[in-house]
Every structure is written in structure tokens, then in C-alpha cells.
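Open the model in your viewer and keep the selection tool handy. We will go from stop to stop, with a note on what to pick at each one.

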Amino acid sequence: VIGGEAQHNKCGGDGFWQRQWPQDVAAFRPDAVLVVAGAWDVYDVLDAAGGVVRPGDPTWTTGYASDVGQLFDVLHSTGAPVVAIEPPCFGRNEVPGTDPDTPERLDPARAAAVHQVWLQQAASHGATMLDLDHLLCPNGASDASIRPDGAHFFTAGADRTAPIVVDGVRRAIAAQQVESVLGADAS
């Protein structure tokens, strides 16, 4: 729900990732999986009865936590470590000629609700969280040089974040290898 209007969510609402990603993970058998929450996660949703619930509402939290937990389980289903970038703040869209900002994306309480669910679900589903807030949201505000539209990593921003992300993925793979060796030694 954006601006009081129900919108069609072709990815989550249609169950696209729930159908496609298990097939992708099984087919590609990744060595590691990197995932991040999107800016769409901060918007209100319709509950089963058609009522509007906002991030942080108990009904929203229950449904969103179930989805994020399922997401982590699917991505980890072949044993690959899952590295999730902690959901950052979202910022103003400074790209000329594109959609205007929505108040939902700029609401820190909504971003905090998304962030909290990801932390809880990562802990209970064995995903590694990678904190990039110091880079993406210094002093609590989105850095437009990394994400000019407040959400997506553009070229220069991707170049700045890539080394940190690659290091986090490498550490997750190494930790899994150590656990595997220690587990084999214990048997």
C-alpha cells in the first residue's frame, strides 16, 4: 500500500521468489548467497482480512518474519552460507527525472522494523549479517554518493561497497569450512 493505494506486488505478492528461488538455488548450487532487503519492504501491506498494516505492527511483523525466515531457509537449502546485508536506512531520491520520494521510505521507524526482523530471523536461521551502516548511512542519513536514489547501489557506490561485501562473503565461506572440519573431527 503506497500513499493509501493498494499496489500490485509482482514479486512478493505473486509469490514469484517463493516459486523461483528454490529452483534457482537447486540448479546453481551456490558457494554462498548474498541478499539484502529492498526499499519496498517499508511499505504498508494488506493483511488476510484486507486491513492495512504497517511495518512494526504485530500482524505485519508476524507475516514479514515468516517471509524472511522462509527466504533464509530457501537460500541456505543446499548448504551455502547466507550473508545478508543489514537493512540500511533509505534516503532521498536525488536522481533527476525519476519518481519523487515517498514518506514511507524516509520513515526511520519503518526501516527499524524491517531491520529488527532481519536481525532476528538471521539469528534463528543461521544467516550472517553484514553491517554496512557506517558506509551507507553515516550519521543516520543515506549517502547519496553510494545510492543516489536512496535505495539502489549505483556504479561508484557499488565500487565502494564491493570490497567490504566480498570480504564478508569470504569470511562466511571460511567460517562454514571451519565448522565443517570441526564437525567432521567430532564424529
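Start by selecting Cys89 and Cys137, whose sulfur atoms are joined in a disulfide, S to S 2.1 Å (a disulfide being a pair of cysteine sulfur atoms within 2.5 Å). The torsion about their S-S bond is about -110°, so this disulfide is left-handed. It is the one disulfide that the structure holds. Element names follow DSSP runs, numbered from the N terminus, with helices (H or I) of at least four residues and strands (E) of at least two.

A word on the model before moving on: it is predicted, so local features need pLDDT of at least 70 and side-chain atom pairs count only at pLDDT 80 or more, whereas totals for chains, interfaces and linings use all residues. Residues are numbered from 1 along each chain as its sequence is written, and side-chain values use heavy atoms, leaving out hydrogens and water.

Are the two cysteines buried or exposed? Cys89 is buried at 18% relative accessible area, and Cys137 is buried at 8%. Buried means under 20%, exposed over 50% and partly exposed in between, using a 1.4 Å probe and protein chains only.

Next, select Val35, Tyr64, Phe72 and Trp118, the residues with the most contacts inside the largest nonpolar core, which has 27 residues. Such a core is a set of buried Ala, Val, Leu, Ile, Met, Phe, Trp, Tyr and Cys residues joined through side-chain atoms within 4.5 Å. Helix H2 (58-75) and helix H3 (108-125) are among the elements giving two or more residues to this core. H2 supplies its largest share, seven residues. A second, separate core of 12 residues includes Val83, Cys89, Leu130 and Val165.

Now show H2 and H3 together. They pack at an angle of about 45°, with their axes 9 Å apart; axes are lines fitted to C-alpha atoms over the stretch in contact, and angles run from 0 to 180 degrees between N-to-C directions. The crossing is right-handed, meaning that the near helix is turned clockwise from the far one by less than a right angle.

Finish on Ala113 in helix H3. Ala113 touches Pro55, Gly56 and Trp60, not counting residues up to four places away in sequence (contact means heavy atoms within 4.5 Å).
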